[in-house]
Amino acid sequence: FWFESNEGKWKRGGRVNPNKTDIDLEYWWQNLEEGNVHDDPGFTLNLENTEFEDPDNERTYILTQSAWNKVNNGTIKSSDSFAIAVKAKSGNSIICLAWNNASGTFKKGQQIGVSLKSIEVPLHKRYHVRGKIYLFEGTMEVLKDRIRKEMSI
């Protein structure tokens with residue numbers, strides 16, 4: 001499905017396309033007024049009351065250019081990561097949110113998220129970004145390789 005909305009100085013839209021083991025995401029914004037600055041967009045997944053709920057951050061990982069890094073307790077925010085993943089309480093399932101224009105990842109409570117870089121967009125031009133939600137069976141390393149290949153990161 002797709003959506004589009006006019007919000008004052010901006011036109012925004014997106015597309016969500018489910019696949020077997022992931023969901024393709026697209027988001028765009030278009031500047032309708034000279035001199036506009038777009039706030040950094042952020043996208044979240046609420047994991048509350050799911051197999052991926054992780055109150056102690058024992059199964060939460062962020063992906064940087066070099067590797068997956070386990071998250072410490074508490075609210076986290078990382079400015080050098082572009083994907084965040086949580087392993088299921090049981091089994092090999094992993095849920096992951098990744099964006100190709102990420103400025104960082106965060107986890108607050110049972111919400112995981114990715115913040116995007118906000119760039120200057122010329123008047124009446126659109127800026128597109130792509131993301132994915134993965135529901136993956138396997139290892140973190142295989143998921144990392146898949147993200148790098150599919151997202152060109």
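These legends go with close-up views of a predicted model.

**View 1. Helix α1, end to end.** Helix α1 runs over residues 140–151. At 1.5 Å a residue, its twelve residues should span 16 Å, and the end C-alpha atoms do sit 16 Å apart, so the two agree. Look just past the helix for Ser152, which takes a positive phi of about 55°.

**View 2. The buried residues of α1.** Here we pick out Met140, Leu143, Lys144, Arg146, Ile147 and Met151, the buried residues of the helix. They take up an arc of only 165° around the axis, so they end up on the same side of α1. Their cover includes strands β3 (22–31), β5 (60–64), β6 (68–70), β8 (81–87), β9 (93–99) and β12 (126–137).

**View 3. Leu143 and its contacts.** Setting aside neighbours within four places in sequence, Leu143 is in contact with Trp68, Ala85, Ile94, Cys96, Tyr134 and Phe136.

**View 4. The largest nonpolar core.** This core has 37 residues, and the ones touching the most other members are Trp68, Ala83, Cys96, Leu97, Trp99, Leu143 and Ile147. Two or more residues come from each of β3, β5, β8, β9, β11 (111–116), β12 and α1. In soluble globular proteins, nonpolar side chains tend to be buried together.

**View 5. Ser115 in strand β11.** Ser115 has its place in β11. Its relative accessibility is 14%, under the 20% cut-off, so Ser115 counts as buried. Not counting residues up to four places away in sequence, Ser115 touches Pro41, Gly42, Asn101, Ala102, Ser103, Gly104 and Phe106.

How values were computed
Residues numbered from 1 in each chain as written. Predicted model: local features only at pLDDT ≥ 70, side-chain atom pairs only at ≥ 80, totals over all residues. Heavy atoms only, no water. Helix = DSSP H or I, 4+ residues; strand = E, 2+ residues; numbered from the N terminus. Expected span 1.5 Å × (residues − 1). Buried < 20%, exposed > 50% of the residue type's maximum accessible area, 1.4 Å probe, protein only. Arc of directions from axis to C-beta. Contact = heavy atoms within 4.5 Å. Core = buried A, V, L, I, M, F, W, Y, C linked by side-chain atoms within 4.5 Å.
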